Amino acid sequence: MLSTPETQLSSGDVDAVVQAAGHAASATSKGQSQIRRPQDTLAEIESIEQLIHDAESDHADTFNIPEHPAVSLIGDDSRVRTSPCIACHSTSARRLYSIGGVSEELVECESCGLGSIFPMPDSDRIQSFYPAEYYGEPTAKFEPLVEHGVRLGAKMRVKSFVGDLPSGSKVLDIGCGRGVMLRALLDLGHEAHGVEITHEAASGADPGAQIRIAPELAKAGYEENAFDAVIMWHVLEHLPHPEQTLVEIRRILRPGGRLILAVPNFGSLQSQRTANDWFHLDLPRHLYHFTPETLQRLLASNEFHYESVRHMAMLQNSFGWLQSILNRVSGTPRNSLYSLLHRGGEHPVVQNLSMRQRLKLKLGYWLGLPLAAAVSLYEAVAGQGGTITVTATLGRTTMPNEQFSTSNPPRSCSVRPFSSSTIYSAARFFCSRFGQHQRAVFKVECRQN
Ligand SMILES: [Zn+2]
């Protein structure tokens, strides 16, 4: 999504090192009249090393930020003053987690529970959070079996979210990456549009899709009311100004158009239970951490009507549990299993793993996945999925505190099961055991009167 960081030593630092090196070289190579003692040369070399070390330390914060830095609990219950919360405008936040190698922290709005990075970094700084290996190969990001699952999942979700729109509908995928969902949109007969911030991030996308490159959505130059649907699949949390992006989506989406947003659920069971070990924190790249309620507030303030929230995302939620637990108990660096499955075992983290650690991770993966899937099903039924997908319609606002439930749906809304697929049939069976949590696997459909 973002380009490779280009953070280097400043020209002043480099000049100082070059000058010192030049001095040492000239002193040792000219064969001057006085004989140069070996200890003098050694002292010069040591001073050059010190100079390089000092220069690197000055830039340590932006020089080599690991892809998955350690995340630690702050735990002292201290507060900070922030700029107004984008969901509720409060300016007081609780310090939650510190992030290894960077000065920013994760804080939580005291009033609404929205998580955010503090202080909010500028765009150059945000770019330094994305190492080259973050993007993977243009055509395949994960090892083949996982890649197959990712593509199949994209196909199913695209069909499920926009499959009912008439063929030829114009659908925009914001942060389309290598175009996994664009391909699925084209297969459905829709006009597939994508926007990315660099050509590199969008490489590998299907040539049938229409892709624009822009540093932010507002600069992509789309016309007013241009789209029937807009998809943001795990993108909103990466943006420094999600509220401004929603304003632009409101402009380019036709009235009554559909917005589909997927984000990690900061209020989920796996977020609460695994805390700083939670896989979907993805710090420091995730700048915001939404709960269903904070997302609903943000959408309502932009005239989006919250249609449904899905807590079921089998692949992402199961993997979230698995990696979070492994982060806590396996003794391997953070998100090592993810790095191992990420295409190319050349990942620096993977290269440093011992055979024993690799075996432990692989065993954890194959043995733990069925269990993680079962727990994910439970959290979906309980309305606390590790990631959520919200469908919203432009044109009718929802009161921030309006809650959907199957027992008390809003007026003009009907309630029906999500789908008749086996997985949801099973989930519905579990629903009957959990009374008030039925909304997790039922779809609330609303029509404007
Ligand atoms: Zn807030």
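Which residue, with a positive phi, follows helix 5? In this predicted model, helix 5 is followed by Gly189, whose phi is positive and near 90 degrees. Within the helix itself, which spans residues 180-187, the buried positions are Val180, Met181, Leu182, Ala184 and Leu185.

Where pLDDT is low, the predicted coordinates should not be read in detail.

The largest nonpolar core comprises 73 residues, and those with the most contacts inside it are Met181, Val230, Ile231 and Leu259. At least three residues of this core come from each of domain 2 (71-132) and domain 3 (139-446). Apart from it lies another core, of 11 residues, which includes Leu326, Leu337, Tyr338 and Leu361. When neighbours within four places in sequence are left aside, Val230 is in contact with Leu172, Ile174, Ile249, Leu253 and Leu259. Ala229, which is found in strand 9, counts as buried because 22 C-beta neighbours lie inside 10 Å. With residues up to four places away in sequence not counted, Ala229 touches Val162, Leu165, Ser169, Val171, Gly257, Arg258 and Ile260. Ala229 and Phe161 are 68 residues apart in sequence, and their C-alpha atoms are 9.5 Å apart in space.

In helix 7, which covers residues 242-252, Pro242, Leu246, Ile249 and Ile252 are buried. These residues lie on the same side of helix 7, because they cover an arc of only 125 degrees around the axis. An α-helix has 3.6 residues a turn, so residues three or four places apart point the same way. The packing partners of the buried residues of helix 7 are strand 9 (227-233), strand 10 (253-264), strand 11 (288-289) and helix 9 (292-300).

Strand pairing was examined next. Strand 4 (residues 105-109) and strand 5 (residues 115-118) run antiparallel and are joined by four bridges, with Glu108 standing opposite Gly115 of strand 5. The two strands form a hairpin with five residues between them, and Gly113 in the turn has a positive phi of about 90 degrees. Strand 5 is also joined to strand 11 by two bridges, again in an antiparallel arrangement, in which Ser116 has Tyr288 of strand 11 as its bridge partner.

The peptide bond from Phe118 to Pro119 is cis, with omega near -5 degrees, and Pro119 is placed in the loop between strand 5 and helix 3 (123-127). A cis peptide bond also joins Leu283 and Pro284, with omega about 5 degrees; Pro284 is found in the loop between helix 8 (269-274) and strand 11. His89, although not a glycine, has a positive phi of about 70 degrees and is found in the loop between strand 2 (79-81) and strand 3 (92-99). His234, in the loop between strand 9 and helix 7, has a positive phi near 55 degrees. With 11 C-beta neighbours inside 10 Å, His89 counts as exposed, whereas His234, with 20 such neighbours, counts as buried.

Conventions. Residues are numbered from 1 along each chain as its sequence is written. This is a predicted model: local features need pLDDT of at least 70, side-chain atom pairs count only at pLDDT 80 or more; totals for chains, interfaces and linings use all residues. A residue is buried if 20 or more other C-beta atoms lie within 10 Å of its own, exposed if 12 or fewer, and partly exposed in between; C-beta atoms are placed from the backbone. The arc is that of the directions from the helix axis to the C-beta atoms. Two residues are in contact if their C-beta atoms, placed from the backbone, lie within 7 Å. Two strands pair if DSSP finds at least two bridges between them. A nonpolar core is a set of buried Ala, Val, Leu, Ile, Met, Phe, Trp, Tyr and Cys residues joined through C-beta atoms within 7 Å. Domain bounds come from an automatic or database domain assignment.
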